[in-house]
Amino acid sequence: METLLAVSRLFNSVNRAAASAAGWLFLVLAGVVVVDVVTRKFGYQIPQFGSTRLQELEGHLHAALFALWFGFAYAKNAHVRIDIALGRAGPRALAKLEFFGCAFLALPFTLIAAYFAVYYAWTSFRHNEASVSASGLPYLFIPKTVLAIGVVLLAFAVISIMLRAMVFLWGPEHLREQAAITTYRMGAKP
Amino acid sequence: MTAWLAQHLSVLMFVVLGVALFSGLPVGFVLGGVGIVFGVLGILFDQFQPIQFFNFLPRVWGGVAANPVLVAIPMFIFMGMVLERSGIAHELLHCLQVLTRGVPGGLAMSVTLMGTIMAATTGIVGASVIMLTLIALPSMIERGYQKELAVGTIASAGTLGILIPPSIMLVVMGDLLQVSVGALFAAALLPGLLLSVLYLVYIGTISYLKPALAPPLPVEMGPKSRREFWTLVAKSFFPPLFLIALVLGSIYGGWATPTEAAGVGAAGALLLAMVRRKLDRTTLREVIEQSGLTNAMVFFLFFGATMFSYVFRSLGGDDVVKELLAAVGIDTPWKILIFLQILVFLLGFFFDWIEISLIVLPIFAPILAGLDFSAHIGSGPGIVFLTWFIILLAVNLQTSFLTPPFGFTLFCMRATVPPDVAMAHIYRGIVPFVGLQLIGLAVTIVFPEFVLWLPRAVGMLT
């Protein structure tokens, strides 16, 4: 049981590391946009980095920015839930709901999505796929690999929560406290 | 029986989604999981091919990741979060309070005015509501405002953030229905201002009739000399006007697409916050974490919804929706329009704009594309109608933020109100404002020029 918790923590810290590294891309993305707008206005093209390439780069940065935060957002319980039907449910009932919900919906979805995401990135790599636009970016497998990593990390986050829920529900008394999960709604929303 | 079930898998899928959403599992997981389960059922009933699952990732890539329109969303979210920390709102509110100190209900009006101005700088709601609740509610209660009026004013003013352009809601809906975001921003401006004016008129009238509800601020408040007064005005109005000019100006000045304007706005907000020395490393980290979580939340819904609507459509869901509507007698364009508005209003009690947009719009998109309102809006089916329709939906969805038990604005306030304000005050307080929003909706339905005039005038719509 301690092992389960340790694995859960490991998955969590991987997700945290990925998210905090990717977070700086907010600044990079804003910077790329400003450079693109200003250079285009003055009719100047940076050699090797024309407007088409910069705009494609914006899309790739954006993909990395959300995909690498998927798992961490689940670990931080920032994803939207419709929790009005659960007003009086106790912590054990909530943990059971989360465990079986993950087992029947979240885990199949994330595992299948992760399989196809990895396959998609692999295909792109094998064909050395480049942008369909002649002046676009080469090496499309790089952002597609980042997207795949994001989906795999999301699967890690789901497994991590399931492991904690298992320890909390069926593990030894002394471990339950540290395995408690919060599934009420929190975090920011637009 | 088997044949009937095979034909109606999409209906069953929708029913199961409705039930499973209330499990409390994150909505993105429910959408994706129900998609997978019914994809597998579809394989068993010979309605879906296993190989079709391969299309999921290319759809995510093309529709969500490498989609230049949606890049606006992380930038608007980031911009909103930076602004929240910049102290700009605080100064603006103080200045507006000075300006409106003699007017009945002046304090409440200053909140509505500030909500309107901040709405034109930012594209999200959460930040502005929390900010207004923290800085405006205590001062209103201290002055002896009726709690219901104070709460309703703040909730409605904060919610304007997502209607008045720029707005991430319009970006999402424009992307889903293939309408230009620039045209939508222009179209949303007058309806947004209309709601703001309705709120001001309501506050003014009720404070004039019952002065006890809204005691004015002391007239001697604020700067003593004329010079100090104008410095205050200039200092507090410059930052928001600078950002409005940067974002909306760069779109309509032809410098940038709405997406790029979001990036430019984010850079501008960072610059302002740095100049004002409100942005150290720790704050920046917090801003990034809040933005990252919110952004992941939005796009995770896209991720799950892509799976759901792909399977739903593959199972023949579009035709079933059409048949069902016709079977219950909803067959003319007007009936469909009114039906959808009522549906969205009712869904708004339980869901937020983003779930409603991502689930409802893809399902009805094929029907919407064919609706002919040329007698009413002066253009045939297509972009012009969709622009008008999206704005109606956007005004309607303003109510979803305020209607209990699950209004996002209420949720934000619940976490930040002072202890002597009860949930009952909040619920009673929002009723008149939901009424005003519905009046605004009726006006935009009856007078489509209200929506369509500005985008036509700036040449974004024919």
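Reader: What should I know about the model and its numbering before we start?
Author: This is a predicted model, in which local features need pLDDT of at least 70 and side-chain atom pairs count only at pLDDT 80 or more, while totals for chains, interfaces and linings use all residues. Residues are numbered from 1 along each chain as its sequence is written, chains are lettered from A and ligands numbered from 1 in the order in which they are written, and side-chain values use heavy atoms, with hydrogens and water left out.

Reader: How much area do chain A and chain B bury between them?
Author: About 6,000 Å², with 81% of it on carbon and sulfur atoms. Buried area here is the accessible area (1.4 Å probe) that two parts lose on being put together, summed over both.

Reader: And how many residues does each chain give to the contact?
Author: Chain A gives 62 residues and chain B gives 71 residues; contact means heavy atoms within 4.5 Å.

Reader: Which elements of chain A touch chain B?
Author: Those giving two or more residues are helix H2 (25–41), helix H3 (51–75), helix H4 (91–126) and helix H5 (141–170) of chain A. The largest share of that side, 16 residues, comes from H4(A). Helices (H or I, at least four residues) and strands (E, at least two) are DSSP runs, numbered from the N terminus.

Reader: Which residue does Arg40(A) meet in a salt bridge?
Author: Its side chain meets that of Glu260(B) at 2.8 Å, N to O. The pair crosses between chains, from helix H2 of chain A to helix H14 (residues 258–275) of chain B.

Reader: Is Glu260(B) buried or exposed?
Author: Glu260(B) is buried, with a relative accessible area of 2%, whereas Arg40(A) counts as partly exposed at 31%. Buried means under 20% relative accessible area, exposed over 50%, and partly exposed in between (1.4 Å probe, protein chains only).

Reader: Where do Glu289(B) and Lys76(A) lie?
Author: Glu289(B) is in helix H15 of chain B and Lys76(A) in the loop between H3 and H4 of chain A. Their side chains meet in a salt bridge at 3.2 Å, N to O. Glu289(B) is partly exposed at 25%, and Lys76(A) is partly exposed at 29%.

Reader: Turning to the core, which residues touch the most other members?
Author: In the largest nonpolar core, of 240 residues, they are Leu368(B) and Phe385(B). Helix H15 (residues 281–314) of chain B gives the largest share of this core, 18 residues. A nonpolar core is a set of buried Ala, Val, Leu, Ile, Met, Phe, Trp, Tyr and Cys residues joined through side-chain atoms within 4.5 Å.

Reader: What is Phe385(B) in contact with?
Author: Leaving aside neighbours within four places in sequence, Phe385(B) contacts Leu337(B), Leu368(B), Leu371(B), Phe373(B), Ile377(B) and Gly380(B).

Technical notes
A salt bridge is a side-chain nitrogen of Lys or Arg within 4 Å of a carboxyl oxygen of Asp or Glu.
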